[in-house]
Amino acid sequence: MGHFATGVAVVTTRHDGMDRGITVNSFTSLSLVPPLVLWCLARTSRSYPAFTGADHFIINVLAADQVTISNLFAFREGEEFPGDVPFSRAVADVPLLSGACATFQCRKTDEFDGGDHIALVGEVIDFAGSDLPGLVYHRGQYAIADSHPGALVESHGQAPEGFLDSMVRPGLERITRRFEAYFDNELRDAGINSKESRVIGLLLARGALDAEQIANLTLVSGSSLNETFGSLTTKDLITKDQARYSLTASGRTLASKLSEKLHSFKANALGPIAASEAEELQRMLDRLSGWIKAASSGEAR
Ligand SMILES: Cc1cc2nc3c(=O)[nH]c(=O)nc-3n(C[C@H](O)[C@H](O)[C@H](O)COP(=O)(O)O)c2cc1C
């Protein structure tokens, strides 16, 4: 089910003079005429008696900036309604959360047995919506929805401005150039260029490799890779045994020294970027490069 992306809602009610709320992603529309919605409640929930006892509930569809509220209603310790959540009173005095991107005020019409859950059906008696972006839940994580670049291509007949053309490619090229320019001084002192450094860095990390593996992993290929092999051999930094290249003793010393410098350089450069953001960027780049690989072998059309 985690593969099915959903929104997130807090369903609120009021029963026996007490406010209750629970975070759910099982909310869905059931009927347009009459307007019916449905959600599922675990029988083990501490809110079970309140929702089965009350005649009304409100579906508060959370906005993208309401992760804290989602967590408050999903993982709270006590039973009481969290005190620091702003709300107003709506149908049957049920709390209507402030800042939600949509709200559906409902009169409960049915409850259905569903194994360890029950399905609650409500008739929508009032609703409100806003332009706020909604919170998304996908594969056990909160997410933010954004337009799919493919959908924009379909509606405008061209890729959206700012994606591959004006953002990703020039952005990556600029960053790569700046990184290389910055690190170039270190490389110049060591007497090698950036392609040579990529090859010896790879051989340090992975041991002996053949030319095809090196080309795939360093993105240096063809005559440029042959020149690089030639110069590294002349400098006594790599050696070739059968079809595989590996580092010589001096190649290993130099590659280790550069690898340490590169690590501290990267740590500095990534300073303002959170680890999770860097991982997300890495995942996006991997997906793009996976697609490009598949496209070039004729799988993606
Ligand atoms: C994103 C998300 C979606 C959830 N969806 C549901 C749901 O559809 N139905 C449900 O009973 N619990 C759902 N839960 C779990 C409840 O929020 C949680 O078990 C409950 O709030 C625990 O408190 P309670 O025992 O006081 O109800 C969900 C939790 C999260 C974080």
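Analyst: Two strands are taken to pair if DSSP finds at least two bridges between them. The model examined here is predicted. With that cut-off, β1 and strand β11 (residues 135-138) count as paired, since they are joined over 2 bridges in the antiparallel sense. Within this pairing, T6 stands opposite Y137 in β11.

The pair belongs to an open sheet of 3 strands, ordered β1-β11-β12, whose pairing is antiparallel. At the edges of this sheet lie β1 (6-7) and β12 (141-144), each of which pairs on one side only. In general, the strands of a sheet pair through backbone hydrogen bonds, and they do so in either a parallel or an antiparallel sense.

The account now turns to the helices. Helix α5 (residues 194-206) packs against helix α7 (residues 222-234) at an angle of about 75 degrees, and their axes are 10 Å apart. Angles of 65 to 115 degrees count as roughly perpendicular, and α5 is therefore roughly perpendicular to α7. On the α5 side, the contact involves K195, E196, V199 and I200; these meet S224, L225, T228, F229, S231 and L232 in α7. By residue class, the contact of α5 with α7 comprises 5 nonpolar, 3 polar and 2 charged residues.

Helix α5 also meets helix α6 (residues 211-218): their axes come within 10 Å and cross at roughly 110 degrees. The two helices, α5 and α6, are therefore roughly perpendicular to each other, and their crossing is right-handed. From α5, the residues making this contact are R198, V199, L202, L203 and R206, while α6 contributes I214, L217 and T218. The contact of α5 with α6 divides into 5 nonpolar, 1 polar and 2 charged residues.

The structure holds 7 aromatic pairs. One of them is formed by F27 and F104, with a centre-to-centre distance of 5.5 Å and 50 degrees between the planes, and this pair is tilted. F27 lies in the loop between β3 (18-24) and β4 (28-31), whereas F104 lies in strand β9 (residues 102-114), so the pair ties together parts that are 77 residues apart in sequence.

Terms used: Residues numbered from 1 in each chain as written. Predicted model: local features only at pLDDT ≥ 70, side-chain atom pairs only at ≥ 80, totals over all residues. Heavy atoms only, no water. Helix = DSSP H or I, 4+ residues; strand = E, 2+ residues; numbered from the N terminus. Axes fitted to C-alpha atoms, helices over the stretch in contact; angles between N-to-C directions. Parallel < 35°, antiparallel > 145°, perpendicular 65-115°, else oblique. Contact = heavy atoms within 4.5 Å. Nonpolar A, V, L, I, M, F, W, Y, C, P; charged D, E, K, R; others polar. Left-handed = near helix turned anticlockwise from the far one by under 90°. Phe/Tyr/Trp six-rings, centres within 6.5 Å; stacked < 30°, edge-to-face > 60°.
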